[in-house]
Amino acid sequence: MSITLDSLVLRHGNFRLTADFVIEEGHKIALLGPSGGGKSTLLSAIAGFLKEDAGRIYYNNQDITDLPPADRPITLLFQDHNLFPHMSVEKNIALGIRPNLRLTTEEKLRVRDALARVGLKDHGKKMPSELSGGQQQRVALARALLRDKPVLCLDEPFAALGPALKREMLDLVAEIVDSTNTTLLMVTHDPDDAKYISDQTVLVAEGVARAPVDTAALFADPPEPLRRYLGIKKGA
Amino acid sequence: MANRTKPLRAFHILTGGSALLLLLLITFGTVLAVWSRASVQTGMGASDWAALRFTVWQGFVSATISVLVAIPAARALARRRFPGRQIMVTLLGAPFILPSIVAVLGILAVWGRSGYISEILAGFGGSRLDIYGFTGVVLAHVFFNIPLAIRLILQGWVSIPSEHFRLAAQLNMSSHDIHRQLERPMLRAIVPGAFMLVFLLCITSFAVALALGGGPKATTLEVAIYQALRFDFDLSKAALLALIQFGLCAGVATVSILVSSPAKFSVGLDRAPLRWDGREWWNRLFDRVILIAVALFLFTPLISILVKGVPPLLRLPAQVWPAASNSVIVALGSSVLAIVLALSLSFLIVRLSGRRRRTSQAMEALGFLTLAASPFVIGTGLFILINPFADPFALALPVTALINAAMSLPFALRIILPALVRAEGHYGRLADSIGMRGFSRFQLAIWPRIKRQVGFAAGLSAALSMGDLGVIALFAPPDISTLPLTMYRLMAAYQLEAAGGVALVLVSLSLFLFWLFDRGGRLEHHIR
């Protein structure tokens, strides 16, 4: 499995971002860079919410550039609005199996399993407003689990959580993607997040998304744009 | 890089397109029909000129007075906090859904020959007031439009960020400085638009001009069209008048689009910002006087409707009940139609906005078009279109429902469209990302987020239609009536007391319909 970004160009006013590389299966990849650098934009384009200005996107060897979001091999977790506030936790998850909510008994059991998997066993009948921010994102993860797509994209869904809670969520994500052999693409502006969960990092800065490299190696010898972002002086 | 919107489905094009076509037929199609029958070559007679002059002049005077009173009143509401302020702001919305013929009755109860003020004057040996004609028309229009103007201008006031007033207080700016630096620029942006809107409403209003005007000196174009059709059976004369009215409205609407910044009907009017200025005694006194005067002017007619309406309730004329059922049927039909039109147009507008911004904006503008359309131009046009095929008088009720739906479409659109844009913005991506499609996408993801606004819009258009005395007067044969028409017929026969009872029935029914829809939209929508 691989995702190929073939000479992708995204423009918005004066902003311009290019990406030209291959993402290999089974990695946990952080998209790291300053805010406004285009991390979320790139993720939105891969997930099918933005139309690229040039270039193609391939999944394996299939051209998915013109597929609508739901038909791509991808689940995207947004920063917020991941749940419908008027639907119970259970129904929100059930949407991952059947978008019209007509579930068989067997499928209802799968919803319950997914709920237990993210540690919310007895919360199925609650409304999203009765849950904490972290619990709400767990529900969204449970739905992603049921959608069972080969690629999971996170657009900083844990940005509003405290450090300990964020680590907890990242652990849960790691556990899920490892056990299902899912590829993870995660936007973050925090180098610690990248070091904590990802084995590869895509640096998105100064108009270019660079090919993924080993995270540890990247931080051991940061290239110039990363130095500028981290605030490390040359030679220090 | 563009937002990848959902594909435009045939369904959206079909529903939105038909809504648009119907709208174009009602607005422009009727004008063409009118054009084909107008006796343009004979030109305008003296009475036509008089009607045009009267229409413009009463509209100008009404709009001027409304805005001149509304500016200080809005300022007082913006900078004072007092118990009852919130109720007052809420009640300022009431005249909007108050049937105009009911308001006329209320105004007569205060200002008429046997009204409260005449009684007092007579008690002191003075002469009684006679407001029929120019004075009455302007008085009623001012009564209707002061609240609207206050709400529009108050909107401007609360849109000034409270940080600006905080800064002004710290810099020790006087009321005068604040007025020059903060308030005058706001007024310059808001007032012209408010004035033009009120002017437009005054030149297209019918019930007021019919009930309080009349006679060759005080006939508006709308009333002249009505008389030409109803009493002279002179279709070509009516068509000529309708063309003049259309030209006038189109001109005024164009000017008001040019001068007005888009008005935002947002919430938050009930919250007075913290202000540190205007604490001098003369400012406080002035604000108090203007608010009390406005409240007296607006609320005594309303109270008198209640007071005078109760006694005759027990012996209402028998024709009230069929009229009431007609009114409810027309109101429900018109409200359903308005909502279907507004939803179809909104969905098409939202779907188009991603790919064809211009087209989408043009459609939005068209949706507001009927605000400038005259119901009587539409009515005359439909009369001409229907006449060869069927008896227009037999279709009085459906035609009324159709025209009422078109007239309330601008409001329904203004309420529903932003809600739909918000629902799509917040949850459309989510729905798309998990593959929700077609009707279940609408039913599960979008409807629960917009039903509150849909309920409010449905209630509003039901109430507006319920209270409308317009084209029904043109089309209705003597044996068919609605409540407003029954009221007018009673008033024309000087049975003011019975009319008062009918007025109360009418107001109660239309408030009940409004409440029913609005409440329906507010019910909790939980899918557990």
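This report describes a predicted model of a complex of chain A and chain B, from the overall dimensions of the chains to their interface and some details of chain B.

Residues are numbered from 1 along each chain as its sequence is written, and chains are lettered from A, with ligands numbered from 1, in the order in which they are written. Because the model is predicted, local features need pLDDT of at least 70 and side-chain atom pairs count only at pLDDT 80 or more, whereas totals for chains, interfaces and linings use all residues.

**Confidence**

The predictor assigns the complex an ipTM of 0.79 and a pTM of 0.82. For chain B the mean pLDDT (the predictor's confidence in each residue, from 0 to 100) is 86, with 94% of its residues at 70 or more. Residues 262–270 of chain B have pLDDT below 50, and this stretch makes 13 contacts in the model beyond near neighbours in sequence; two residues are in contact if their C-beta atoms, placed from the backbone, lie within 7 Å.

**The two chains**

Helices (H or I, at least four residues) and strands (E, at least two) are DSSP runs numbered from the N terminus. A residue is buried if 20 or more other C-beta atoms lie within 10 Å of its own, exposed if 12 or fewer, and partly exposed in between, with C-beta atoms placed from the backbone.

| Chain | Helices and strands | Extent along principal axes | Buried residues |
|---|---|---|---|
| A | eight helices, twelve strands | about 60 × 40 × 35 Å | 44% of 236 residues |

Chain A has a radius of gyration of 18 Å, which agrees with the value near 18 Å for a compact globule of 236 residues. Chain B has 24 Å, close to the 24 Å that the rule gives for 528 residues, so chain B is as compact as a globular protein of that length. Of the contacts in chain A with a separation of 6 or more, 66% are between residues 24 or more positions apart; in chain B, 84% of the contacts between residues at least 6 apart in sequence join residues at least 24 apart.

**The interface**

At the interface, 22 residues of chain B are in contact with 30 residues of chain A. Strand S1 (2–3), helix H17 (396–433) and helix H18 (438–466) of chain B each supply at least two residues of the side that touches chain A, and the largest share, six residues, comes from H17(B). By class, this side of chain B has ten nonpolar, seven polar and five charged residues, where Ala, Val, Leu, Ile, Met, Phe, Trp, Tyr, Cys and Pro count as nonpolar, Asp, Glu, Lys and Arg as charged, and the others, Gly among them, as polar.

**Within chain B**

Helix H2 (residues 46–79) and helix H13 (residues 281–309) of chain B pack at an angle of about 115°, with their axes 9 Å apart; axes are lines fitted to C-alpha atoms, for helices over the stretch in contact, and angles run from 0 to 180 degrees between N-to-C directions. The contact is made by Val69(B), Pro72(B), Ala73(B) and Ala76(B) of H2(B) together with Asp287(B), Ile290(B), Leu291(B) and Val294(B) of H13(B), and comprises seven nonpolar, no polar and one charged residues.

His141(B) is found in helix H7 (residues 134–158) of chain B and counts as buried because it has 27 C-beta neighbours inside 10 Å. Leaving aside residues up to four places away in sequence, His141(B) touches Ser62(B), Cys202(B), Ser205(B) and Val208(B).

Technical notes: The radius of gyration is taken over C-alpha atoms; the globule rule is 2.2 Å times the number of residues to the power 0.38.
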